[in-house]
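Reader: Could you walk me through this structure, please? I'm new to this.

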Amino acid sequence: MAEVAKWIPAEVAQGVYNNLDYIKRSADDAMAKAAIPDFKQSLDSTAQTMDAVREEILPFHRIRQNERRCILIERIKK
């Protein structure tokens with residue numbers, strides 16, 4: 001048994017060495033995910049804010065359009 005045991009650490013080290021590319025890719029992916037924030041929540045929040053602003057502004061925009069139409073109609077009548 002002792003004869004087999006002395007080779008286990010070397011084989012483990014060789015296995016790690018043989019799979020360094022996979023280990024590096026996994027580490028790179030994990031670091032990238034940790035470093036780059038998920039903007040989806042921020043984008044969703046921004047879209048909701050823009051929709052709310054649009055809903056607030058749209059009635060005023062329609063009033064202004066109606067005012068312009070009335071002014072144009074009055075000018076045409078003259």
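**Patch and salt bridges**

Author: I8, V12, V16, Y17, L20, Y22 and I23 make up a nonpolar patch on the surface, with about 690 Å² of accessible area together. The elements giving two or more residues to this patch are α2 (8–18) and α3 (20–35). Patch members have over 30% relative accessible area and no salt bridge, with like charges joined within 9 Å and nonpolar side chains (Val, Leu, Ile, Met, Phe, Trp, Tyr) within 5 Å. Areas come from the Shrake-Rupley method with a 1.4 Å probe, and for residues only the protein chains shown count as cover.

This is a predicted model, where local features need pLDDT of at least 70, side-chain atom pairs count only at pLDDT 80 or more, and totals for chains, interfaces and linings use all residues. Residues are numbered from 1 along each chain as its sequence is written, and side-chain values use heavy atoms, leaving out hydrogens and water.

Reader: Which element gives the most to the nonpolar patch?

Author: Helices (H or I, at least four residues) and strands (E, at least two) are DSSP runs, numbered from the N terminus. With 4 residues, the top contributor to the patch is α2.

Reader: Which residue forms a salt bridge with R64?

Author: A salt bridge puts a side-chain nitrogen of Lys or Arg within 4 Å of a carboxyl oxygen of Asp or Glu. With the closest N and O atoms 3.5 Å apart, R64 pairs with E67.
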